[in-house]
Amino acid sequence: MTARRCYLTTPIYYVNDRPHIGHAYTSLATDVMARWKRMDGYEVFFLTGTDEHGQKVEKAAQVAGEDPQAFTDRVSMSFRHLVDVMGFSNDAFIRTTEQRHKDACQALWNRLVEKGEIYLGHYEGWYAVRDEAFYGPDELVERDGQKFAPTGAPVEWVREPSYFFRLGAWQEKLLRFYDDNPDFIAPNTRRNEVISFVKSGLTDLSISRTSFTWGVKVPNDPSHVMYVWLDALTNYITALGYPDESTEAWKKFWPADVHFVGKDIVRFHAIYWPAFLMAADLPPPKRVFAHGWWTNEGQKISKSLGNVIDPLALVSQYGLDPVRFFMLREVPFGQDGDFSKRALSGRLNELANDLGNLSQRTLSLIQKNCEGKLPALTEPTAADLELLGPISELPAMMGDCIERQAFHEGLEKLWVVVRLSNAWIGQQAPWALKKTDIVRMAAVLRHLHTAIRTIATVLQPFMPTTMGKMLDQLAVPEELRDLAGLATPLADGIALPPPEVLFQKVQDEVA
Ligand code: ME8
């Protein structure tokens with residue numbers, strides 16, 4: 001049996017600015033998978049952190065009038081704060097200015113030198129500081145006589161001595177690697193883009209800069225700092241103890257199971273990173289999943305438009321779990337999505353009307369009609385199986401969706417069952433059975449309890465606090481809240497606390 005272990009990462013975020021909804025989104029998806037895997041009995045290592053070197057961060061520090069280290073110390077804290085506010089369950093938070101990380105980068109560099117993968121030359125070409133990326137002349141677009149990267153970032157002409165990584169020599173090996181590992185890049189649109197980019201020809205990659213100093217020094221040539229992407233990508237192995245490959249963490253968790261990234265940084269993760277690793281004789285990660293881009297009320301999010309969405313403000317206005325639910329329910333993971341107040345209100349009302357209503361109705365009937373005690377479990381009838389059949393399939397269904405990072409699909413399918421449960425309670429009408437068949441009423445309420453328990457258990461990774469409260473109301477003991485725990489029925493007759501409303505309805509807001 002393969003070990004039940006799982007290593008999941010978020011990108012490490014640039015500390016040039018405050019966190020926004022995009023950062024919260026990538027980390028949220030990673031958090032949900034990490035929580036799911038833990039609940040499924042896996043040993044999980046979930047890593048996030050901050051990317052603190054490079055020209056972009058150096059410039060932001062200059063603009064702020066601060067020393068780069070003091071600046072990065074300060075801004076990095078705001079990403080730690082985001083972790084707390086969003087309830088992320090990461091096992092570690094890495095900063096690229098840590099000494100252990102600089103050591104790891106230099107060790108990887110030395111290994112690449114030993115393997116003959118690095119040579120000294122001269123770089124001359126286009127560079128976009130905003131993207132920290134080199135672009136070929138044929139990739140640029142021209143507007144008003146000025147050249148821009150395909151991302152819209154301004155580019156500048158750079159000419160300086162540089163070390164190069166022999167990326168060109170990796171073209172065929174990368175293509176073979178994608179072929180042998182069809183799940184390495186997801187979704188498929190991104191995979192196709194990467195493959196066609198690689199097929200169009202790879203040139204050697206400039207991996208050092210001499211025109212600024214805020215970076216990891218190149219071993220034996222301190223006039224160069226490493227290209228920030230070589231530095232940044234290495235974080236995924238630093239965190240496991242690299243270059244010490246004898247650590248427990250390294251042996252347990254490398255290669256990573258999924259690197260969660262936005263579609264903007266696929267090239268770095270799906271081309272450069274496996275090439276660096278294979279060149280250093282290290283195994284490449286198993287999968288890179290690139291999600292789409294959020295817009296705000298139909299507009300691209302940008303500082304200049306002043307429409308950046310602050311996740312902290314959202315959480316303080318709507319509450320954490322509704323925001324977590326909204327982000328993964330609203331948009332198919334992998335596609336672009338739009339944030340609008342109207343969509344958010346719609347999803348919050350869905351929580352209140354469907355899930356809140358189901359549990360509130362069931363639990364208050366148990367409170368009122370069964371003295372607050374869990375009715376006895378009975379053999380299900382054919383009618384009961386119409387509820388319990390789909391309910392029993394939820395854990396496997398969600399597990400399958402999460403394995404594919406199809407969070408939206410998992411929630412969509414689960415919601416069908418929430419609605420079915422509400423329809424079932426309507427058909428069974430336990431409130432009417434009270435007068436006609438009290439035994440049947442008790443049986444119906446017990447099956448509804450089972451249904452809500454399963455739904456709440458499966459939803460815990462998405463809404464940990466609220467589902468924790470729902471499981472409290474259902475009197476599910478802590479040790480039975482994982483997936484394996486679902487197999488153990490609760491004892492008949494245990495006391496349930498009086499139910500409380502868990503989701504508030506909101507007025508529809510139109511922006
Ligand atoms: O690229 N919608 O850091 P970064 C969705 N340091 N997601 C978004 C988004 C949006 N509008 N805007 C940003 C870097 N993101 C590098 C990564 S990893 C070794 C180094 C998310 O601060 C998305 O995940 O620019 C994107 O990939 C990431 O933030 C970029 O964060």
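Which residue has its charged end over the ring of Tyr127? Arg209 does, with its charged end 4.4 Å from the centre of that ring.

## About the model

This is a predicted model, in which local features need pLDDT of at least 70, side-chain atom pairs count only at pLDDT 80 or more, and totals for chains, interfaces and linings use all residues. Residues are numbered from 1 along each chain as its sequence is written, and side-chain values use heavy atoms, with hydrogens and water left out.

## Charges over rings

A charge sits over a ring if NZ of Lys or CZ of Arg is within 6 Å of the ring centre and within 35 degrees of the ring normal. Another case is Arg143, which lies over the face of Phe148, at 4.2 Å from the ring centre.

## Rings that pair

The structure holds 33 aromatic pairs. Rings of Phe, Tyr and Trp (its six-membered ring) pair if their centres lie within 6.5 Å; planes under 30 degrees apart count as stacked, over 60 as edge-to-face and the rest as tilted. Tyr13 and Phe79 count as stacked because their ring centres are 5.7 Å apart and their planes are at 15°.

Tyr13 belongs to strand 1 (residues 5-14) and Phe79 to helix 3 (residues 68-86), so this pair ties together parts 66 residues apart in sequence. Helices (H or I, at least four residues) and strands (E, at least two) are DSSP runs, numbered from the N terminus.

## Around the ligand

A ligand nitrogen is 2.7 Å from an N or O atom in the side chain of Asp51, and a ligand nitrogen is 2.8 Å from a polar backbone atom of Ile12. Gly262 has a backbone N or O atom 3.0 Å from a ligand oxygen.

## A buried asparagine

Asn422 lies in helix 15 (residues 407-428). Asn422 counts as buried because its relative accessibility is 12%. A polar atom of its side chain lies 2.9 Å from the backbone oxygen of Asp354.

Note on methods: Polar contact = N/O pair within 3.5 Å; in protein donor to acceptor, adjacent residues only side chain to side chain. Buried < 20%, exposed > 50% of the residue type's maximum accessible area, 1.4 Å probe, protein only.
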